[in-house]
Amino acid sequence: NASNRPSSGKPGSADSPFDFSLDLDAFPLANPDDGSAFRLVDTKPTPRPKFGPKWRFNQHRPQLPQRRDEEVEARKREAEKERARRDRLYNLNRSNQNQQRREAAIFKSSVDIQPEWNMLEQIPFSTFTKLSFSVSDPEDLLLCGALEYYDRSFDRITPKNERRLERFKNRNFFKVTTTDDPVIRRLANEDKATVFATDTILATLMCAPRSVYSWDIVVQRVGNKLFFDKRDGSQLDLLSVHETSQEPLPEAKDDINSAYSLSVEAAYINQNFSQQVLVRDGNKVSFDEPNPFANEGDEVASVAYRYRRWKLDGDMYLVARCEVQSVVEVNNKNSFVTLNALNEFDPKYSGVDWRQKLETQRGAVLATELKNNANKLAKWTAQAILASADLMKLGYVTRVHPRDHFNHVILGVVGYKPRDFASQINLNTSNMWGIVKSIVDLCMKLNEGKYVLVKDPSKPQVRIYEVPADAFENDYVEEPLPEEEQVQPPSEDAEGVEANGTTTDDKETEAQT
């Protein structure tokens with residue numbers, strides 16, 4: 001009877017209730033309807049025989065009545081269906097939560113919309129995809145700066161012979177907006193064009209349908225001319241990371257893997273990478289004029305500015321300042337090169353470990369980057385096409401350790417022809433110019449004044465606001481303080497600096513960091 005049942009026993013021992021040799025009738029069930037005891041006996045693996053695997057596959061389970069066996073199988077099938085249903089619901093809810101988290105954490109307007117601003121237009125991205133406009137080849141009005149030669153030894157870098165990323169603290173990098181550029185002012189006074197911009201601003205407009213994060217461009221209508229500008233400290237000076245990825249990034253701004261921290265890190269990596277892959281033997285290719293933003297005696301980064309003019313309409317021309325970072329000799333001719341770096345911060349976010357996959361599965365690595373950074377890669381390609389660069393070099397830079405965002409290594413460098421790469425990533429140059437032309441036509445209909453074009457933080461559309469003439473002139477008053485300054489009140493000295501504005505040295509330091 002049940003009282004004779006052992007209170008404890010090692011499985012497999014002679015007095016164990018799970019021993020097949022015992023008579024099951026000696027242990028009546030407490031509940032006759034409960035079939036758990038039979039399932040327990042049914043699912044216990046039989047002892048492994050010593051004479052080979054062939055017998056194991058031919059053996060039979062302990063025999064149960066046929067009807068009971070069918071019930072067990074039916075229950076297993078039902079349980080499997082239920083598990084699959086729960087998994088589907090779990091994955092669906094998880095993806096929705098991730099999407100909501102991304103919207104809550106990342107999708108904030110790049111500029112603080114003021115109540116007195118007047119919204120004039122709202123343009124959905126769906127209208128951009130259908131646009132097309134062909135432009136003739138541009139003409140170079142002026143070339144400024146000096147370029148160093150690209151070091152071809154970097155083409156042979158692999159993850160097994162990686163190189164440490166160096167820091168170039170003494171070289172000055174300039175992120176000057178359109179109306180602050182002395183060359184563009186001179187060209188505007190000479191009536192060389194109607195519309196003026198930089199390659200960064202044009203590329204942002206051209207690739208707008210791929211953008212997810214908010215961005216803004218200041219538009220100034222002065223007389224019959226149109227100037228596209230960026231604000232000081234604009235997001236356009238930084239580089240987005242994982243912008244088009246579905247995997248949510250940490251929400252805390254001070255987290256090293258937050259969207260803001262990664263964009264600063266990416267800008268820092270790109271500046272240093274663009275200077276490290278040069279020969280640096282003092283041999284430079286100089287152009288018509290020196291760097292227009294450098295003071296005499298400054299150590300300037302290798303960069304050349306091509307001031308180029310495109311014909312948009314009968315008497316409407318567009319002038320843009322385009323950048324190239326290096327030059328390489330091909331068939332005894334100098335070819336322009338743009339230099340950019342993709343950066344890996346933590347393999348668990350992308351699912352592809354560059355150190356393991358870059359050498360053997362480079363295509364898979366690039367495909368993952370095109371999925372997670374579609375907008376950034378498209379903008380780099382657009383800028384290379386605008387500058388008529390013969391080659392664009394993409395570096396693969398990763399952290400020494402996933403939790404160390406200060407030290408990096410170069411794992412590889414790959415070169416592409418910009419137009420070939422554009423077709424590979426489905427970037428249509430006619431569509432790019434169609435977007436620019438439509439926005440120019442729209443802005444030319446506006447009255448004289450200042451406007452701002454803002455990408456909606458949560459919807460695929462842009463809005464045009466009319467803003468006061470003094471908007472963005474004093475960022476300290478116009479915009480709320482950054483979060484870290486709200487938490488820790490600045491000292492008296494810091495208040496004085498903020499009130500009086502940032503010095504040139506401070507701006508250069510910020511650009512370098």
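**Entry 1. Helices α6 and α11**

I began with helix α6 (residues 199–206) and helix α11 (residues 374–386), which pack at an angle of about 125° with their axes 9 Å apart. The axes are lines fitted to C-alpha atoms, for helices over the stretch in contact, and angles run from 0 to 180 degrees between N-to-C directions. This angle makes α6 oblique to α11; angles under 35 degrees count as roughly parallel, over 145 as roughly antiparallel, 65 to 115 as roughly perpendicular, and the rest as oblique. I noted that α6 passes α11 in a right-handed crossing. A crossing is right-handed if the near helix is turned clockwise from the far one by less than a right angle, and left-handed if anticlockwise.

I recorded that the model is predicted, so that local features need pLDDT of at least 70 and side-chain atom pairs count only at pLDDT 80 or more, while totals for chains, interfaces and linings use all residues. Residues are numbered from 1 along each chain as its sequence is written, and side-chain values use heavy atoms, with hydrogens and water left out.

I then listed the contacts (heavy atoms within 4.5 Å). From α6, Asp199, Thr200, Leu202, Ala203, Thr204 and Met206 meet Lys379, Ala382, Gln383 and Leu386 of α11. The residues of this contact divide into five nonpolar, three polar and two charged.

**Entry 2. Burial in α6**

I looked up how covered α6 is: seven of its eight residues are buried, where buried means under 20% relative accessible area, exposed over 50%, and partly exposed in between (1.4 Å probe, protein chains only). The buried ones are Asp199, Ile201, Leu202, Ala203, Thr204, Leu205 and Met206.

Thr204 has a relative accessible area of 3%. Leaving aside neighbours within four places in sequence, I found Thr204 in contact with Trp215, Ile217, Leu236 and Lys379.

**Entry 3. Nonpolar cores**

Which residues touch the most other members of the largest nonpolar core? Among its 79 residues, they are Phe228 and Tyr396. Such a core is a set of buried Ala, Val, Leu, Ile, Met, Phe, Trp, Tyr and Cys residues joined through side-chain atoms within 4.5 Å.

Not counting residues up to four places away in sequence, the residues that Phe228 touches include Ile201, Leu205, Ile217 and Cys443.

**Entry 4. Arg309**

I found Arg309 in strand β8 (residues 303–311). Is Arg309 buried or exposed? At 18% relative accessibility, Arg309 counts as buried. The C-alpha atoms of Arg309 and Leu142 are separated by 9.9 Å, although the two are 167 residues apart along the chain. Beyond residues up to four places away in sequence, Arg309 touches Pro138, Glu139, Leu141, Lys192, Tyr317, Leu318 and Val319.

**Entry 5. Positive phi**

Most residues other than glycine have a negative phi. I noted Asn332, whose phi is near 65°; Asn332 lies in the loop between β10 (326–330) and β11 (333–344) and, at 72% relative accessibility, counts as exposed. Ser388 has a phi of about 55° and is found in the loop between α11 and β12 (391–399). Ser388 is partly exposed, at 31%.

**Entry 6. The whole chain**

Buried residues make up 44% of its 513 residues.

Definitions and conventions: Helix = DSSP H or I, 4+ residues; strand = E, 2+ residues; numbered from the N terminus. Nonpolar A, V, L, I, M, F, W, Y, C, P; charged D, E, K, R; others polar.
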